[in-house]
Amino acid sequence: MAAVHSARIGTIKTSVAGGEAVRAYIPKPLPPEPPLDLQRLLRLIERANQALGRLDGITSILPAPPLFIFMYIRKEAILSSQIEGTQSSLSDLLLFEFDELPMIELDDVQEVSNYVAAMTHGLERLKDGFPLSLRLIREIHEVLLAKGRGSGKNPGEFRKSQNWIGGTRPGNALFVPPPPDELMKCLSDFELYLHDTKTHPPLIRAALAHVQFETIHPFLDGNGRLGRLLITLLLCSEGALREPTLYLSLYFKRHRQLYYELLQAVRDSGDWERWVEFFLEGVIDTSAQAVDTARRLLSLFDTDRQKISGLGRPAASALRVHDLLQRSPIISAPETARQLSMSLPTVLKSIEHLETLGIVKETTGKRRRRLFAYSDYMRILTEGTEPLAR
């Protein structure tokens, strides 16, 4: 049974949503009081930090870390958006970025593309020395909802009306976040905690900040995706990660019901410890998977380079195309020729060799505007990204 810490439980205030009176929840400011029982979590914290260190170190042995990160960010965007109900796949997103319309609802893939742009914007701002703050959160949200579904829900603006989570109407909602007149106080306290680097180590602060953000639910749309993105942004901003390689959405997706139950348990009973245990277990699991993925990709690239090297004279051109495929695992011959400053006939011949070796496969079945996918690379990256059943 979950521990009950009544002093940590927030207050209830009557608010109005959709013409109905509702019981809105106002969380206590972070850090929790009484303080977290970190003694019982010490072993788990140590294992999570070790896992994070191994994950951060894997980028140093990758031949081109930006290529791995480029694709890994896209995988996270797919997974985080799937938790919210989108049906996009990684190949859908890459086709969309290639100006090819995928065979799904366009709003779904636009939503994922927005997520990539929002994540990239946040990471670039942090690298420029901008602090993780309410201002940056608003900027990221504006990019997240810039186009498609959600673009009419005040991108970049904190809500001025009451929202709710779950249920068919406000009166039977699963959870009602703070009322609009309490929102800025909650957010101000939240920002103070983001800047408080002394109370808890980065992993604990990321765990607590994620729940608090989800509880405050400060925007009309996009809160879940932004809350998950904040985990990586906080760890990067404090130097706990050199590169944005930790993404927990696959873990949250696989344990979706428990994830939501533990968020609510914090609100209902103040049981932050069980949530932190779950979060740290996710860090350990996710870090190990990411390290394994990177190693498998390294092995794949090396094996395929050896295959290509056996081609003889055509190997040099085919290796250049193979290098491009590591950065963009779906290519067209004309775009490849342009990017590599190679003649179109040479590129086509190189792709033909790669097809023969089983490294790429044509994906469209067309005679024109054909696209070729680095099939084993895509297979490794897409593990776990199958859309959730509706």
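This short talk walks through a hairpin, a cavity and some aromatic contacts in one structure.

A word on the model. It is predicted, so local features need pLDDT of at least 70 and side-chain atom pairs pLDDT 80 or more, while totals for chains, interfaces and linings use all residues. Residues are numbered from 1 along each chain as its sequence is written, and side-chain values use heavy atoms, without hydrogens or water.

Strands E1 (residues 11-17) and E2 (residues 20-26) run antiparallel, joined by seven bridges. Strands here are DSSP runs of E, at least two residues; helices are runs of H or I, at least four; both are numbered from the N terminus. Two strands pair if DSSP finds at least two bridges between them. Thr11 has Ile26 of E2 as its bridge partner. Two residues sit between the strands, and Gly18 in the turn has a positive phi of about 55°.

A cavity is a set of points on a 1 Å grid over the protein atoms alone, where a 1.4 Å probe fits but cannot get out; lining residues have an atom within 4 Å of a point. There are two cavities of 30 Å³ or more. Volume means the space filled by probe spheres set on the points, which are joined across faces, edges and corners. Which helix gives the largest share of its lining? H8 does, with three residues. Helix H8 (223-237) and helix H9 (249-254) each supply at least two. The lining includes Glu76, Arg228, Tyr247 and Phe252.

Now the rings. The whole structure holds 15 aromatic pairs. Rings of Phe, Tyr and Trp (its six-membered ring) pair if their centres lie within 6.5 Å; planes under 30 degrees apart are stacked, over 60 edge-to-face, the rest tilted. Tyr251 and Phe278 are tilted, at 4.9 Å and 40°. Tyr251 is in H9 and Phe278 in H11 (residues 272-309), so this pair ties together parts 27 residues apart in sequence. Trp275 and Phe278 also pair: their centres are 5.6 Å apart and their planes at 45°, so they are tilted. Both lie in H11, three residues apart, about one turn of the helix.

Tyr251 is buried at 8%, Phe278 at 1% and Trp275 at 0%. One aromatic cluster includes Tyr251, Trp275 and Phe278.

Conventions. On a 1 Å grid over the protein atoms alone, a cavity is a set of points where a 1.4 Å probe fits but cannot get out, and a pocket is an open set with protein on both sides within 12 Å along at least five of seven lines; lining residues have an atom within 4 Å of a point. Buried means under 20% relative accessible area, exposed over 50%, partly exposed in between (1.4 Å probe, protein chains only).
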